[in-house]
Amino acid sequence: MTVAAVVPAAGSGTRLGAGAPKAFVPLAGVPVVVRAVEGLLRSGAVDEVLVGVPEALVDQARLLFAGRPVTVLAGGAERTATVRLALELLAVHGGERAATPEGHADVVLVHDAARPLTPPALIASVVAAVRAGHPAVVPVLPVADTVKRVTPDGIVESTVDRSVLRAVQTPQGFAFATLWAAYAASDVDAAATDDAGLVERVGEKVHTVPGDPAAFKVTTPWDLHIAELLLEKA
Ligand code: C5P
């Protein structure tokens, strides 16, 4: 069974405000996307990685990953477009790039470049759950804060029952055929904030495994600061 990981890293990083696409912002001297990809490879559970980056940064990314089992491609305008392009590349049967001579990988992970400190053990646990027969797997954490639904002008409408909510992380793991079918059934530019959401839409059950706080997503300058502090202590 071969495992490929798709890493969407083509976001602009506007909320981070670091003056560079988020995935390329250095975190203790190493670009965020490099840390995310090295974590995947260190897990021992991933055979190859496909990284979707902004078109202007393809050459730079290829240099960053020279000698590693990593394919760099130009990403799309939306996260889903970036993942779709990578899946299309993975689906090409044969050729030098395919994970196996016969074709695509059996298991595919989708992992945000913006989660640079994701523990390799979490990555391995997601792969293990897919291998155990779950066609779609997401790591989740309980939600610590009370969550409210609010109107666009900031008035509280209702309070959501926190006990049934989970915050969803990546990597999300799938049987290749399951994720392929979910993308095939969705609009080219379907708004989805994660890949399991597309799988849910085609009626497939999504299994959860315990997430890890260290797999948090770097979105704001605060997150970057926390990540730097954690690396200093490590
Ligand atoms: O914007 P957000 O933090 O949700 O992005 C999650 C991941 O998706 C990031 O790793 C980002 O680089 C990636 N992304 C992408 N292509 C886009 C937008 C986001 O690959 N057009």
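Author: Helices (H or I, at least four residues) and strands (E, at least two) are DSSP runs, numbered from the N terminus. This is a predicted model, in which local features need pLDDT of at least 70 and side-chain atom pairs count only at pLDDT 80 or more, while totals for chains, interfaces and linings use all residues. Residues are numbered from 1 along each chain as its sequence is written, and side-chain values use heavy atoms, with hydrogens and water left out.

Reader: Good, so where is S43 found?

Author: S43 sits in the loop that runs between α1 and β4. With a relative accessible area of 15%, S43 is buried (under 20% relative accessible area; exposed is over 50%, partly exposed in between, with a 1.4 Å probe and protein chains only).

Reader: What does the side chain of S43 reach?

Author: It reaches the backbone oxygen of L40, at 2.7 Å. That is a polar contact, a pair of N or O atoms within 3.5 Å; within protein, one must be able to donate a hydrogen and the other to accept it, and residues adjacent in sequence count only if both atoms are side-chain atoms.

Reader: And helix α1 itself, how many of its residues are buried?

Author: Nine of the eleven residues of α1 (residues 32-42) are buried, so the helix is largely enclosed by the rest of the structure. The buried set is V32, V33, V34, R35, A36, V37, G39, L40 and L41, and L40 in that set is also the residue whose backbone oxygen the S43 side chain reaches. Just after the helix, G44 adopts a positive phi of about 75°.

Reader: You mention peptide bonds; which residues does a cis one join?

Author: T170 and P171 are joined by a cis peptide bond whose omega is about 10°. P171 is placed in the loop that links β10 (166-168) and β11 (172-175).

Reader: Changing topic: why call β1 largely enclosed?

Author: Six of the six residues of β1 (residues 3-8) are buried, so the strand is largely enclosed by the rest of the structure. Both of its faces are covered, with V3, A5 and V7 buried on one side and A4, V6 and P8 buried on the other.

Reader: Which strands is it joined to, and do they run parallel or antiparallel?

Author: Two strands pair if DSSP finds at least two bridges between them. β1 is joined to β6 (residues 107-110) by four bridges and runs parallel with it; in that pairing V108 is the bridge partner of A4. Five bridges, again in a parallel arrangement, join β1 to β4 (residues 48-53), where V7 stands opposite V51.

Reader: What about β8 and β9, in which sense do they pair?

Author: β8 (residues 147-150) and β9 (residues 156-160) pair in the antiparallel sense, over four bridges. V150 faces V156 of β9. Their hairpin has five residues between the strands, and G154 there takes a positive phi near 85°.

Reader: Which polar side-chain atom lies 2.9 Å from a ligand oxygen?

Author: One belonging to K217. From the backbone, an N or O atom of A10 lies 2.8 Å from an oxygen atom of the ligand, and a polar backbone atom of G11 is 3.1 Å from a ligand oxygen.

Reader: And F216, is it buried or exposed?

Author: F216 counts as buried, at 18% relative accessibility, and it lies in the loop between β12 (207-210) and α7 (221-233). F216 and R15 are 201 residues apart in sequence, yet their C-alpha atoms are 15 Å apart in space.

Reader: Last one: where does E228 lie?

Author: E228 lies in helix α7 and is partly exposed, with a relative accessible area of 28%. E228 and D106 are separated by 122 residues in sequence and by 35 Å in space, C-alpha to C-alpha.
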